Amino acid sequence: MKEVPVTLVRANQTMLVCLTALAILLQSIWIAGLALAMVISSLVFGPKGNIAFRIARAMTKKDLSKDDTEAAVLQRFNQTIAATLLAAGLLVLLITGHWAGWLFIGMVTIAASVALMGFCVGCFLYYQFRKITYEAKNK
């Protein structure tokens, strides 16, 4: 199983919080679109396409090989949820202009903020999903 250093995961979460919060505060669809593009680039190109990872690697002086790690599959699952919510929010904003689009983007802000505080909502959802599928297979 591939692992991702926690320092890089935190950088990604910080980037999501900053971009989505700024987009909400400024009511900027362009900033929300930038956040979506950054998330999608990491989904399409993997960790090498994650801009937050690149910035964190350039800025950190510590040896990331000795850092605590998180499973890459969890990082990808979380990125998929973030991309889905950001895309839904942008679609609602672009098609209808309704404020409900900002709720989807706000969910990403809240989830990434909570993850920075120590509780990974996406990891919890992943665990529940795996548990349900395991129980369904073994019945």
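Tutor: In this predicted model, Ala-82, Leu-85, Leu-86, Ala-88, Gly-89, Val-92 and Leu-93 of α4 are in contact with Ala-100, Gly-101, Trp-102, Phe-104, Ile-105, Met-107 and Val-108 of α5.

Student: What is the division of the residues in the contact of α4 with α5 into nonpolar, polar and charged?

Tutor: The contact comprises 12 nonpolar residues, two polar and no charged. Gly counts as polar, and Gly-89 and Gly-101 are among the residues that meet.

Student: Why is α4 called roughly antiparallel to α5?

Tutor: The axes of α4 (residues 72-95) and α5 (residues 100-117) cross at roughly 160 degrees and come within 7 Å. Angles over 145 degrees count as roughly antiparallel, so the term applies to this pair. The crossing is left-handed.

Student: What makes the pair Cys-120 and Cys-123 a disulfide?

Tutor: Their sulfur atoms lie 2.4 Å apart, and the cut-off is within 2.5 Å, so the pair qualifies. The link is right-handed, with 70 degrees about the S-S bond. A search of the whole structure finds one disulfide.

Student: How do you know whether Cys-120 and Cys-18 are buried or partly exposed?

Tutor: Cys-120 has a relative accessible area of 18%; buried means under 20%, so Cys-120 is buried. Cys-18 has 48%, which falls between 20% and the 50% above which a residue is exposed, so Cys-18 is partly exposed.

How values were computed. Residues are numbered from 1 along each chain as its sequence is written. This is a predicted model: local features need pLDDT of at least 70, side-chain atom pairs count only at pLDDT 80 or more; totals for chains, interfaces and linings use all residues. Side-chain values use heavy atoms; hydrogens and water are left out. Buried means under 20% relative accessible area, exposed over 50%, partly exposed in between (1.4 Å probe, protein chains only). Axes are lines fitted to C-alpha atoms, for helices over the stretch in contact, and angles run from 0 to 180 degrees between N-to-C directions. Helices (H or I, at least four residues) and strands (E, at least two) are DSSP runs, numbered from the N terminus. Angles under 35 degrees count as roughly parallel, over 145 as roughly antiparallel, 65 to 115 as roughly perpendicular and the rest as oblique. A crossing is left-handed if the near helix is turned anticlockwise from the far one by less than a right angle, and right-handed if clockwise. Contact means heavy atoms within 4.5 Å.
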